[in-house]
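Please view the sequence and the structure below before reading on.

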Amino acid sequence: MAEWAAKRFWTEAQAVPEGAGYAVHLDGRPVKTPAKAPLLLPTEALARAVAAEWQAQGEKIDPLSMPFTRSANSALDRVAPQHSDVAEIVAAYGESDLICYRADSPTALVERQAVAWDPLVDWASDALDAPLVIATGVMHVPQPATSIESLRALVQRQDAFALTALHDLTALSGSLVMGLAVQAGHAAPEDLWERSRVDEAWQIEQWGEDEEAAEVAARKRGDFLHAAELFRLSRLSK
């Protein structure tokens with residue numbers, strides 16, 4: 001069946017083992033992606049999350065209330081067919097990672113960035129074999145070629161679901177290292193999101209919070225935490 005039928009026609013949505021993964025059935029009929037591919041999930045946990053979204057629908061289907069379904073569709077229809085290209089886009093963040101670019105003043109902001117980001121720079125060097133150069137200001141500073149290659153290799157070896165999650169974690173935070181830290185369980189996703197917002201938090205403290213900007217930030221935070229959960233569910237029982 002196509003992903004977004006206009007109205008609900010099923011009674012029960014179930015996660016069903018299929019091949020090496022899991023499908024989602026609506027009264028026995030398999031769900032397909034918008035590109036008509038089988039909606040096959042890598043773990044039962046993720047399949048159950050997708051099935052729960054379908055089960056929770058009312059008379060009319062609301063795609064915005066189905067984030068795991070939408071992410072699964074993206075992994076299968078967009079990321080999997082162009083895996084290498086997507087991986088290159090994600091890996092490129094390592095060349096100008098947020099955690100490498102620091103303010104030169106005021107002192108309080110410099111110190112706050114160091115507390116939030118220095119441990120991640122150290123972790124990248126030790127755990128990812130990717131020593132990074134810290135710069136002051138916004139002018140691009142080349143990173144060691146060996147570090148970029150280490151990061152690129154970590155990204156390229158990810159499967160479609162992991163890469164889908166990493167793409168969002170990285171794009172939303174501005175940091176490939178933070179995205180990889182979420183995947184590695186190096187720190188809680190909530191903590192890493194807050195670390196990515198050091199500069200924004202500082203600006204809010206100085207000038208106050210704009211209501212529209214706050215709404216955008218809240219939406220991005222939700223998307224970041226969703227991507228972290230997508231990755232977690234796609235690994236369970238593997």
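The points that follow cover a helix, the nonpolar core and the aromatic pairs. The model is predicted.

**Helix α1**
- Helix α1 covers residues 44–55, and its 12 residues should span 16 Å at 1.5 Å a residue. The end C-alpha atoms are 16 Å apart, which agrees with that expectation.
- The buried residues of α1 are Leu46, Ala47, Ala49, Val50, Ala51, Glu53 and Trp54.
- These buried residues pack against the strands β1 (13–18), β2 (21–26) and β4 (40–41), and also against the helices α2 (67–79), α6 (160–173) and α10 (211–235).

**Nonpolar core**
- The largest nonpolar core comprises 64 residues. Val24, Leu41, Trp54, Ile99, Val155 and Leu192 have the most contacts inside it.
- Leaving aside residues up to four places away in sequence, Leu41 touches Gly21, Tyr22, Val24, Leu46, Ala47, Val50, Ala72 and Phe161.

**Aromatic pairs**
- Across the whole structure, a search finds 3 aromatic pairs.
- In one of them, the ring centres of Phe9 and Trp10 are 5.2 Å apart with planes at 80 degrees, so the pair is edge-to-face. Phe9 counts as partly exposed because its relative accessibility is 37%, whereas Trp10, at 4%, counts as buried.
- The rings of Trp193 and Phe224 have centres 5.2 Å apart and planes at 40 degrees, so this pair is tilted. Trp193 belongs to helix α8 (residues 189–196) and Phe224 to helix α10, so the pair ties together parts 31 residues apart in sequence. Trp193 counts as buried at 4% relative accessibility, and Phe224 counts as buried at 0%.
- One aromatic cluster is formed by Phe9, Trp10 and Trp54.

Note on methods:
Residues numbered from 1 in each chain as written. Predicted model: local features only at pLDDT ≥ 70, side-chain atom pairs only at ≥ 80, totals over all residues. Heavy atoms only, no water. Helix = DSSP H or I, 4+ residues; strand = E, 2+ residues; numbered from the N terminus. Expected span 1.5 Å × (residues − 1). Buried < 20%, exposed > 50% of the residue type's maximum accessible area, 1.4 Å probe, protein only. Contact = heavy atoms within 4.5 Å. Core = buried A, V, L, I, M, F, W, Y, C linked by side-chain atoms within 4.5 Å. Phe/Tyr/Trp six-rings, centres within 6.5 Å; stacked < 30°, edge-to-face > 60°.
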